[in-house]
Amino acid sequence: NYGVQKIEGGWGWRISLSMAAVPAAFLTIGAIFLPETPSFLIQRDGNVDEAKMMLQRLRGTTGVQKELDDLVTASNISRAIKNPYRNILKKKYRPQLVIALLIPFFNQVTGINVINFYAPVMFRTIGLGESAALMSAVVTRLCATVANIVAMIVVDKFGRRKLLLVGGIQMILSQFTVGAILAVKFKDHGVMDKEYGYLVLVIMCVFVAGFAWSWGPLTYLVPTEICPLEIRSAGQSVVIAVIFLMTFVIGQTFLNMLCHLKFGTFFLFGGWVCVMTLFVFFFLPETKQLPMEQMEQVWRKHWFWKRIVGEGEEEVDQAHTGAGAIAMSTAPHSS
């Protein structure tokens, strides 16, 4: 948009919209060269030899037998699973269901899509010119990209919970600060000084960075790590469904909210970030480098979740015993 804004004759917006074909073409062409995963090869037709060759190519070593055995065992267990959506409603999976619902909900009520969708509108409203408003959107996205890279580097060092808490505090301070600046400096039906407009831009970059190295990527990672195989597909489906639903709601309501609540909109989002940060502090356990089979014990020892899942220990043990028997009976035996 920034590059084509001055093209006359109605071609600017046409070029802008057509540029969406570039990443679409990249994904489509790239999919042609994308190899099948070892897990899929095993799941599709049980071709362990082909899966082993693919795994060796991916890992760059021939010593992949242990990982291959784990993949075969996981495939056998998953084939025995029926009705994952019914399973996730069981009491013993209540922590996973609650987290799969709330994590993506909180992801959206941070206000991140306000920046993604309406950054040029918002920056133009607070006094920046058309060109500066579009460039401001470019700047915030660059900050998000850099922060995403930081997240990939540090997530396994510092842990998921710590990043979520630090990112939450960063977003709280950013939202409340922007709300306060707009409350003091922005007048109804007017504009604020350009210097304060650029200050808001800087704070929004801090906000976007806080989201991009915490709640952005971890919204997808954490539910995957806490959901066992028998409900993982259902858990991830819930996450994506909630994100799309809340994206629609935020996209349809924000401009009206901005017109009616004005600076209060940022205090509203900041309040939600406070709630979600407290939720992580009290209810979300750390999953860094935690084997999937140990998550069950984490719920039983947690100060709150043990009240819900503790009564179902016998049922959980029986389920895992049955799954283990299936895996043992169908897994390949080494000589």
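Helices here are DSSP runs of H or I with at least four residues, and strands are runs of E with at least two, both numbered from the N terminus. This is a predicted model, in which local features need pLDDT of at least 70 and side-chain atom pairs count only at pLDDT 80 or more, while totals for chains, interfaces and linings use all residues. Residues are numbered from 1 along each chain as its sequence is written, and side-chain values use heavy atoms, with hydrogens and water left out.

Start with the record. An unreviewed UniProt entry lists as "transmembrane region" residues 12-34, 97-119, 131-151, 163-184, 196-222, 234-255 and 261-284; such annotations may be inferred rather than shown by experiment, and the feature names are shortened and the positions given in the numbering used here. Select residues 196-222: this span is 93% helix and 0% strand, and its end C-alpha atoms lie 37 Å apart. Residues 261-284 are 88% helix and 0% strand, with end C-alpha atoms 32 Å apart.

Next, select helix α7 (residues 94-109) and helix α13 (residues 229-261), whose axes come within 8 Å and cross at roughly 25°. Axes are lines fitted to C-alpha atoms, for helices over the stretch in contact, and angles run from 0 to 180 degrees between N-to-C directions. α7 and α13 are therefore roughly parallel (angles under 35 degrees count as roughly parallel, over 145 as roughly antiparallel, 65 to 115 as roughly perpendicular and the rest as oblique). Residues of α7 that meet α13 include Gln96, Ala100, Leu101 and Pro104, and among those they meet in α13 are Ile231, Gly235 and Val238 (contact means heavy atoms within 4.5 Å). By class, the contact of α7 with α13 has twelve nonpolar, four polar and no charged residues (Ala, Val, Leu, Ile, Met, Phe, Trp, Tyr, Cys and Pro count as nonpolar, Asp, Glu, Lys and Arg as charged, and the others, Gly among them, as polar).

The axes of α7 and α14 come within 9 Å and cross at roughly 150°, so the two helices are roughly antiparallel. Ile99, Leu102, Ile103, Phe105, Phe106 and Val109 in α7 meet Phe269, Trp272, Val275, Met276, Phe279 and Phe283 in α14. The contact of α7 with α14 has twelve nonpolar, no polar and no charged residues.

Last, look at the aromatic rings. Rings of Phe, Tyr and Trp (its six-membered ring) pair if their centres lie within 6.5 Å; planes under 30 degrees apart count as stacked, over 60 as edge-to-face and the rest as tilted. The count comes to 16 aromatic pairs. Select Phe106 and Trp215: their ring centres are 6.3 Å apart and their planes at 90°, so the pair is edge-to-face. This pair links distant parts of the chain, with Phe106 in α7 and Trp215 in helix α12 (residues 215-226), 109 residues apart.
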